[in-house]
Amino acid sequence: MVDFFHEAQISLVVFTLLSQIVVGAIWIVTVGEFLTSLPAFRQRLGRLVTWTGVPVLGLALAFSTTHLGRPLYAWRALRALGTSWVSREIWAFSILFGLLCLYAYLWYRDERGARHRRLVAVLTSIAGVLGIITQSQLYMIPGRPQWNHFSTILLFGATAMMLGALLVGVITTLIAHREAPLRAMYQHLAASLLGAAALYGIGFIARIIYLAQGQDAAGVILGGAATGAETVGTALTVGWTIVGANPFLSSMELLLAVAVPLVAGLTLVTICWHKGSIKLANRLIHSTLGLVFVGTLAGRVIFYLTGKPWF
Amino acid sequence: MTKHLDRRAFLKLSAIATAGAATGLAGGSVALGAPFDPNRNHVEPDEWVYSTCGFCGTGCGIEIGVKGGEAVAIRGTKDYPVNTGFLCAKGILQWQAIMAPDRGTTPLLRKNGQLVKASWDEALDAMTGKLKEIITKHGPNAVATYNTGQLLLEEFYTLGKIQRAGIGTDHCDSNTRLCMASAVYGHNRTFGADVPTGAYADVEETDVILLVGSNMAECHPILMGRLTRAREQKGTKLIVVDPRITQPARMADIHLAIKPGTDVTLLNAMAQVLIQDGLIDQAYIDASCSNWPELKAKLTRYTPEFAAQVCGVPAEEIVAAARLYGKAPRSLSMWVMGINQSVNGVTANHALHNLNLIQGKLGKPGSASFSVTGQPNAMGNRSAGGSSNYPGMRPIDNEQGRREIAALWGVPYEKLPAKSTPIEKIIDKIIAGDIKALWVLCTNPLLSLPDQNRVKQALAKLELLVVQDAYYTVDTNEYAHVYLPAAMWAEKQGVMINSERRVNLVQPSIKPPGEAKSDFEILRLVAQKMGYGHLVAFQTPAACFEEFKQTTKGRPNEMTGITYERLVEHRGLQWPVSEAQPNGTQRAFTDGTFFTKDKKAKLWAVEQLDLPELPDAAYPFMLNTGRVQEHYHTGTKTRKIKEMNLLVPTVYVEINPKDAAELGIAYGDMVVIESKRGAMKAKAVITQIGAPKSVFVPMHFHEGPVNALTVWAFDPISGEPNYKQQAVRIRKA
Amino acid sequence: MPTQLGFHADMEKCIGCKACEAACKDFYRMPPEIRWRKVRSFEMGEWPKALRVHLSLACNHCEDPACMKGCPVQAYSKREDGLVIHDPTACIGCQYCTWTCPYGVPQFDPNEGVVSKCNGCYQLVDQGELPRCVQACPTTALTFGDRAEHERTKREAVTVAPGFPDPTITHPATRFAWPKKGPKPEVKVPITPPAEEH
Ligand SMILES: Nc1nc2c(c(=O)[nH]1)N[C@H]1C(S)=C(S)[C@@H](COP(=O)(O)OP(=O)(O)OC[C@H]3O[C@@H](n4cnc5c(=O)[nH]c(N)nc54)[C@H](O)[C@@H]3O)O[C@H]1N2
Ligand SMILES: Nc1nc2c(c(=O)[nH]1)N[C@H]1C(S)=C(S)[C@@H](COP(=O)(O)OP(=O)(O)OC[C@H]3O[C@@H](n4cnc5c(=O)[nH]c(N)nc54)[C@H](O)[C@@H]3O)O[C@H]1N2
Ligand code: SF4
Ligand code: SF4
Ligand code: SF4
Ligand code: SF4
Ligand code: SF4
Ligand SMILES: [Mo]
């Protein structure tokens, strides 16, 4: 069990997932800034999302340091911006955190600062994008061929969008009651959810295909070894075997992080379209966030597990 | 995903959970701002003590690094001729075995079924009291001793005196019975004395090396290093005879993967090819060998085709190997347990000597018929009369020899036994009730003797079992009535002798733990309590060595020219070291005369005996046993070296992939192995280095004792166990 | 071309005795689990022509060290002679280098909270001596020197070895000679699982 947690890099699972939720939520809120159709609860929503975002991202950052052998020296990791994706990631998320705090403060002020706020929103979102990019680049390295694939960035981005949209959705359910604007808003959310789930699905399948091809490339039995470039196949085979050894995790991922949001997104659209019960929609959003979170969690665990040393 | 929370996992967990507090700030020598010191954990000894390695018969020169009264490092002696500073992995790390926490620190006595702490007086009184009682009641032959190839020469000599001139029992043996007995008989019967012919320098001098039944890479790594360097520098050819593709076999120019137990046929056929091709030295045979016509007649039927059929290797390869060997100006044979541990042990030794003698390839630079020893001081036991002979290599059954010894020792000639009994007979006699007491010194018979269940039955039956060992956790202690804690080689003084007859000094570098005493001291104490004080008048190992030296005067293993100081000065001396040869003798038999009555080496016309047990339908696999480089024997020492135990953490069985596939066994699976005598479990290692339908299990692991399976069968001449071939069946656990 | 020091491992001569590994451990006294040098075992081919070969590896002192590029605290440096040195006092234990290095070279010690790796015995090298592991090798299978020199003088000095991760990733300075019998570097061979524990 202990080894499992260690190999699954539980600190990093928590850090990446939580930070991605926040990034996704900021994206949604930023888009919201420019949607004039949004109703009067925008203020409360903006406040609540950003005020949730600050502690969650703070927690994520704090948690990331538990991965370190010497957490109290974590600040030193800012030193190698020029060469290291780890440094860049930490810069990106530190800046994100700063901007998010500012953004949250601006929401707290009042509606009059909206112009500045929009600028900060855009900047925060860009920082979020950079966060996701640095975060994925960090894993897309030849040293770990199992991760060195476009699906990594796809999965990270899709996770952010999916969970972010659902988080904003859940917060919305808590504060808004008037049906008409809610329906419009839920339709936007459902669209984001469907798009993100589709991206996640593509990433998931691409990854499976990528890992599975290792065996052909290496043409060797498990744990075996080829020479030169073929060795990359060995690494993929190692990853593939781990996927095979953890069928529960992968099926959870497929079911809860792809199938469930797709179905939920479609259902949500249908509910809104047919002017169905908002209560039902609310419940749907609540449970979807829970399920998708579990699904992406399973996916993230298997992601880290596959990145085993291959030599 | 381990089920148990072991220490490492716990460390990981605590690192994850409490990383901040524990390591975030502090970090000791790696703290932020601390000077970067790549040697931050290095331990530099205060002093280095000259000594000899305590593991294998290669006999490397070592220096023991001491700091604050503890052994903290071992390094090779740079100018020692055997190893020129090199050591193998376990040689380097063996200081950990000395410092292990389970070293015996006080004697133990069995009370109410438990071994409990006792004073030396109590323990020795209990031991000697019982011994005296048994001797009075049943006579001295109710007492047996069983020792080792790992004590020091002075200790063997002292023990020999006590057991023969003191107790006077016929029942003395040592674990060299399990190891070198066949070679000893081979030497005695061919050369007239137990004299290994070669020198390690022959490895560099020779043109072709024939390695038979020797996994030199794992068992004598430093010799293998010399061999590999010689191959690189001189292109020395290598022929390996071994049923497995060992490292030497992988490198060999010719590898003959013969069917187990068919060496004699192969070697006879090789000799026959030499005769046919005229690659023999008739002048040498005529001048220096006897029994030639008989041998020649016997060999005629050993055609390559016949041997090919018996041994399961192509006839052409046999011919090629023989010609490669025969045509070389200098050629060297070396062998170890693949030859000795067999019902064919002695015959195969003869066949090897024959091969070299008929070419006159003996006693010449680069040419030798070289039996390599296993333990660091097997040769010391053989030289000092520790088990089956009298000091100065006097055969036990030779009256003149006994008279000489009686005179030297000042004891009545009649007192000295004219017999020694192989350990297997001792075990049988214990079971039969004839032997009541067994004194075990520096060996772990519960794990190392064949057919463990029989051995257990015997040990359980003893009225007195004394175990004298460095660790109180030694497996045989399970049955002991008295345990005596012994100092280890690094804590005492004396000499060891390696394969090439090189005598070297062992020196005390640290104090023994607690109340542990050197075997020399223990022996003297026992002797005094038994009333044999007059036999052990020497107070120190050095004085003992001086007395011992006198017994070698004019003998094949003369050591009168040796003093401890000279050993250090010359970096070891190869016996005989006499007035004529003050700086030792590199090669034996250089003049073509031998210690037999007619001064000729006898060519024994030998034939292969059938193996005691062959695979059949019920037990379809051939079980081979032996060693792996990371561990030593019953593991009492190497399993306490963390690095070694991490490399090979537990018992395993080598299975060919074909068989594994058939049995549905995968790498790492637990497998049950059964023979007619017992069963054990081991982890499966699927490997191509063994033939289908054969398996190999190393001997080092108490959790998987391969000797639970081995057959109770022995060489009819030497009494050495047939460890390497038996029938077993295997299945997934 | 600048000098690039590195190891040469001859799989023909290596008998897997691990004296190299023990010598390193014995001097640097890192915890037993941390193996700066690791002797790996592989098998190629089938009985009765199978080969079990050993590969003695430590840090490859790569020409393009991924460990160094990825490290967020610049704990790594590459010396003029090509040796790549890790400074544990700078390290924060993020373990990123255990991912970026394809060779499993940097190893994390949870007790110290930092990684560590072979430093090429640079202090000895500066005194004109060979690294300890090389000095300890009884077969001369393991040697050390300028990579270019290895390529000029050794029986064989190729960049690939069984299972040894794609050398184009970091351009390791280690060079290999394959066993004389059996497959050659350019031949694709089926290799059974590494028999680390034999
Ligand atoms: N690491 C390590 N080194 C040691 C020891 C140790 O325990 N560990 N012990 C020391 C001691 S006391 C000894 S005696 C030596 C033993 O040294 P070795 O005799 O070299 O070692 P073993 O593994 O017992 O067996 C040697 C080889 O004999 C082969 N063999 C089996 N059956 C036959 C056969 O019928 N014919 C032939 N030709 N070969 C066969 C086996 O396949 C094996 O490869 O090692 C010494 N060195
Ligand atoms: N199946 C199978 N069985 C075999 C073999 C095989 O190849 N296959 N090989 C056989 C061979 S060749 C041999 S040599 C034997 C070896 O078999 P053993 O002699 O039983 O093996 P060791 O483990 O070396 O036992 C030596 C004991 O002495 C202790 N000791 C160490 N130093 C000292 C000391 O200074 N004083 C005292 N009093 N005790 C000390 C050690 O702790 C250990 O318990 O095994 C034989 N058994
Ligand atoms: S080869 Fe034998 S004598 Fe030499 S260091 Fe290794 S175990 Fe000791
Ligand atoms: S082998 Fe690994 S640790 Fe060593 S220099 Fe190359 S990338 Fe860095
Ligand atoms: S573990 Fe240490 S050396 Fe490795 S990348 Fe992180 S900070 Fe750098
Ligand atoms: S070069 Fe030095 S530090 Fe590196 S493996 Fe060899 S002995 Fe160890
Ligand atoms: S010391 Fe030499 S022969 Fe032994 S394992 Fe290391 S490289 Fe191979
Ligand atoms: Mo032995």
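Trainee: By class, how many nonpolar, polar and charged residues does the shell around ligand 7 have?

Mentor: The shell has 9 nonpolar, 3 polar and 1 charged residues. Here Ala, Val, Leu, Ile, Met, Phe, Trp, Tyr, Cys and Pro count as nonpolar, Asp, Glu, Lys and Arg as charged, and the others, Gly among them, as polar. Bear in mind that this is a predicted model, where local features need pLDDT of at least 70, side-chain atom pairs count only at pLDDT 80 or more, and totals for chains, interfaces and linings use all residues. Residues are numbered from 1 along each chain as its sequence is written, chains are lettered from A and ligands numbered from 1 in the order in which they are written, and side-chain values use heavy atoms, with hydrogens and water left out.

Trainee: Which residues come nearest to ligand 7?

Mentor: C14(C), C17(C), K18(C), C20(C) and C137(C), out of 13 residues around ligand 7. A residue is near if one of its heavy atoms lies within 4 Å of the molecule or strand.

Trainee: And what about ligand 6, which residues come nearest there?

Mentor: C24(C), C118(C), C121(C), P131(C) and C133(C) come nearest, of 13 around it. The shell around ligand 6 divides into 9 nonpolar, 2 polar and 2 charged residues. In chain C, α1 (19–28) and α5 (132–136) each supply at least two residues of that shell. Helices (H or I, at least four residues) and strands (E, at least two) are DSSP runs, numbered from the N terminus.

Trainee: Changing topic, how many residues has the largest nonpolar core?

Mentor: The largest core has 213 residues, and L210(B), M334(B) and I673(B) have the most contacts inside it. Its largest share, 9 residues, comes from helix α11 (residues 263–276) of chain B. A nonpolar core is a set of buried Ala, Val, Leu, Ile, Met, Phe, Trp, Tyr and Cys residues joined through side-chain atoms within 4.5 Å. A second, separate core of 112 residues includes F156(A), A190(A), I242(A) and Y96(C).

Trainee: Is R177(B) buried or exposed?

Mentor: R177(B) counts as buried because its relative accessibility is 4%. Buried means under 20% relative accessible area, exposed over 50%, partly exposed in between (1.4 Å probe, protein chains only). R177(B) is in the loop between β7 (172–174) and α6 (181–191) of chain B.

Trainee: What is R177(B) in contact with?

Mentor: Leaving aside neighbours within four places in sequence, its contacts include Y185(B), E424(B) and E720(B). Contact means heavy atoms within 4.5 Å.

Trainee: At what angle do α19 and α24 of chain B cross?

Mentor: The axes of α19(B) (residues 399–409) and α24(B) (residues 541–551) cross at roughly 145 degrees and come within 10 Å. Axes are lines fitted to C-alpha atoms, for helices over the stretch in contact, and angles run from 0 to 180 degrees between N-to-C directions. I405(B), L408(B) and W409(B) in α19(B) meet E547(B), Q550(B) and T551(B) in α24(B).

Trainee: What is phi of K693(B)?

Mentor: Near 65 degrees, a positive value in a residue other than glycine. K693(B) counts as partly exposed, at 35% relative accessibility.
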